[in-house]
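Dear colleague,

My notes on its side-chain contacts follow.

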Amino acid sequence: MDSVRAIHLAANVLRDHFGDVVERVGLVMLERGPLSVQDVLRFGGIPSCAGTDSMLIEPLTFQQVRNALLTLVQHGVVRTKPRVEVANSDSVRSMLQVYTIDIEEVFARMRFPHFLEYVRATYGDVAQELLFTALKYGRVTANIIKTEAREALGNVSVEEVEEELKRLLDDRVLHVVAPFGSAVGGPVAVTACSTGPVTSAVPSSHARLPQSGGSAPSSAAAEPAQSGKRKLADDDQQLAAWDPGDAPRRIRESVYRYDMGTLNLCMCKSLICRVVEERVNGHAAQVLTSILTAVQPGESSAENRGVSVQYMSFEAVEQKMRDLGHHQPGRDPEREREKLRKVLDLLSAHKDSLVSRRHVAGPTSNFKAAEKGSSGSTADAVRRVVDGGPQCEWAVDWHGARRLLLSSTTSQLIRDQFGPFGLRIFNLLNERNPPQKLEEKDIFNICMVPPEEGRAVLNAMVQSCVVSWQEVPRSANTPLSASYWLYYVDRRRVELTMLQSVLQAALNLRLRFAAESAVVEPLESRRDSLSARERAALNEGRRIEDALERSFL
């Protein structure tokens with residue numbers, strides 16, 4: 001079960017992206033787990049952990065629940081599967097579906113701006129527009145994603161759009177999904193809908209379901225469905241389901257969706273390179289960027305979140321540096337090669353380094369799974385290795401890279417919350433494995449912290465569950481005041497505490513941003529006829545909005 005803070009944040013994201021009705025339906029599933037449509041209708045009017053009175057304004061109707069679920073299924077936020085007791089019965093499988101919300105998919109929506117910026121910097125404007133269309137519709141057909149990209153840019157050809165789309169598919173930024181049905185292949189129909197709010201003004205409970213990727217909103221006027229789509233006694237028993245035998249006629253094009261695992265991996269790579277650039281230098285970050293191209297999502301990244309890491313030879317790293325534009329033309333190749341060798345030795349100098357090195361006899365191993373060069377130049381560079389003698393290959397230690405990101409994030413959060421003294425105390429107690437336990441006087445002496453300030457910081461860290469303490473009595477009858485009190489760090493507890501703090505901080509920033517936007521909105525609506533005082537208020541409101549938006553992005 002997800003924490004209350006995580007549920008609050010996820011509900012806020014759903015409200016911001018889809019509207020009030022989807023927020024209510026999503027909140028019910030976040031709090032209660034997998035539910036059928038009947039369960040969502042029943043629990044929709046029960047008070048939630050959010051504690052808002054708006055949840056009790058009116059009960060949810062079938063049309064509202066249906067449209068909300070169709071929208072969430074369309075965007076991959078909700079997955080469906082038949083009930084266990086009727087999973088093998090084709091006649092009632094479409095009637096008794098269980099819906100499960102994926103909170104990771106909800107949180108990924110907060111990273112959409114990062115995904116778009118990364119794709120624009122890596123692939124260009126055409127690829128960014130293609131990804132934007134996929135993010136807007138959830139699932140989108142090939143025809144619509146190409147058409148909207150061309151209309152948005154205006155000066156690109158069909159060949160350019162198709163080439164960029166192929167690049168995104170080859171690099172698994174986008175992937176092909178089933179046009180109709182859930183992620184597990186269930187017979188639930190999905191409707192095309194952009195990320196606008198879902199309304200409930202539907203005159204009939206029988207909804208026409210357009211082809212996935214279209215532009216019809218989920219709240220469009222419904223018409224009677226075909227007899228093969230629905231078999232039910234009451235209107236509120238099930239969502240519409242397509243006849244599986246009719247599917248080949250309806251599926252005319254491929255349907256695409258963004259790959260959350262691949263884009264999350266790209267974000268992690270960027271953060272790792274940023275940390276190395278801050279701690280070492282820019283050239284080391286460029287070398288690491290080249291080696292990170294050999295880190296690819298594992299097979300079936302939607303289900304298996306592992307990664308595939310392969311080793312690269314020196315020639316392969318050097319060629320990738322040229323492909324990425326990190327080698328400046330006109331410089332001495334030998335000096336550049338020697339500089340690259342020194343950086344590789346620096347990054348792999350210790351057993352706990354970010355980059356691992358291994359020796360291979362004879363020609364270096366092929367580098368074809370992680371590298372998909374357009375001209376095959378990297379593979380040719382690998383084959384040019386001189387036979388005989390031991391050769392070195394390098395690869396990123398992905399587990400070590402994850403530990404580096406976790407350690408850097410934790411240190412930054414502790415420094416921001418408790419200051420430099422708090423970070424010194426945390427590093428002292430966390431530097432050994434297992435973490436050591438010390439008395440406060442030893443902590444203050446080693447960290448060179450004044451006792452008065454150190455006690456205040458240490459007490460705040462204990463109250464925040466960042467530092468734990470343990471009593472060691474001198475004897476069986478020793479009072480508490482005379483016992484030894486040892487302070488230590490429980491790493492698992494710290495990780496959970498930092499996660500909850502980040503979730504709460506993100507929610508606070510989003511709520512503050514919504515409040516500030518409500519204040520600025522009346523001024524924005526008449527910005528061409530403002531007085532000098534109102535113009536100053538509008539500029540100040542925009543400044544606050546920009547600061548808040550940068551903070552939670």
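**Cysteines**

Cys-465 has a relative accessible area of 25% and is therefore partly exposed; buried means under 20% relative accessible area, exposed means over 50%, and partly exposed is in between, with a 1.4 Å probe and protein chains only. This is a predicted model, in which local features need pLDDT of at least 70 and side-chain atom pairs count only at pLDDT 80 or more, while totals for chains, interfaces and linings use all residues. Residues are numbered from 1 along each chain as its sequence is written, and side-chain values use heavy atoms, with hydrogens and water left out.

The structure holds zero disulfides, a disulfide being a pair of cysteine sulfur atoms within 2.5 Å. Cys-268 is in no disulfide, and the nearest cysteine sulfur, which belongs to Cys-266, is 9.3 Å away. Cys-268 is partly exposed, at 27% relative accessible area.

**Overall figures**

The protein has 20 helices and 12 strands. These are DSSP runs, numbered from the N terminus: helices are H or I with at least four residues, strands are E with at least two. Of its 553 residues, 44% count as buried. The accessible surface comes to about 28600 Å², and carbon and sulfur atoms account for 50% of that; the areas come from the Shrake-Rupley method with a 1.4 Å probe, and for residues only the protein chains shown count as cover. Taking contacts between residues at least 6 apart in sequence, 67% join residues at least 24 apart, where contact means heavy atoms within 4.5 Å.

**Aromatic rings**

How many aromatic pairs are there? The count is six. Rings of Phe, Tyr and Trp (for Trp, its six-membered ring) pair if their centres lie within 6.5 Å; planes under 30 degrees apart count as stacked, over 60 as edge-to-face and the rest as tilted.

One of the pairs is Phe-112 with Tyr-258: the ring centres are 5.5 Å apart and the planes stand at 85 degrees, so the pair is edge-to-face. Phe-112 is in helix α6 (residues 112-122) and Tyr-258 in strand β5 (residues 255-258), so to speak distant parts of the chain, 146 residues apart. Both residues are buried, Phe-112 at 9% relative accessible area and Tyr-258 at 3%. Ring pairs also bring in Phe-115, which forms a cluster with Phe-112 and Tyr-258.Another pair is Trp-469 with Trp-485, with ring centres 4.8 Å apart and planes at 35 degrees, so this pair is tilted. Trp-469 lies in strand β11 (residues 468-472) and Trp-485 in strand β12 (residues 484-488), 16 residues apart. Trp-469 is partly exposed at 46% relative accessibility, and Trp-485 is partly exposed at 26%.

Two arginines sit over rings. A charge sits over a ring if NZ of Lys or CZ of Arg is within 6 Å of the ring centre and within 35 degrees of the ring normal. Arg-42 lies over the face of Phe-43, 5.1 Å from the ring centre. Arg-358 has its charged end over the ring of Tyr-311, at 4.0 Å from the centre.

**Salt bridges**

The count of salt bridges is 25, each being a side-chain nitrogen of Lys or Arg within 4 Å of a carboxyl oxygen of Asp or Glu.

One of them joins Glu-105 to Arg-79, and the closest N and O atoms are 4.0 Å apart. Glu-105 is in helix α5 (residues 103-108) and Arg-79 in strand β1 (residues 78-82), so the bridge ties together parts 26 residues apart in sequence. Is Glu-105 buried or exposed? Glu-105 counts as buried, at 4% relative accessibility, whereas Arg-79 is partly exposed at 27%. Both residues belong to a network of salt bridges that also links Asp-102 and Arg-257.

Asp-170 and Lys-166 form a salt bridge with the closest N and O atoms 2.9 Å apart. Both lie in helix α9 (residues 158-170), four residues apart, about one turn of the helix. Asp-170 is partly exposed, with 37% relative accessible area, and Lys-166 is exposed, with 52%.

A further bridge runs between Arg-542 and Glu-524, whose closest N and O atoms are 2.8 Å apart. Arg-542 is in helix α20 (residues 532-552) and Glu-524 in helix α19 (residues 491-525), so this bridge ties together parts 18 residues apart in sequence. Arg-542 is partly exposed at 29% relative accessibility, as is Glu-524 at 21%.

Regards
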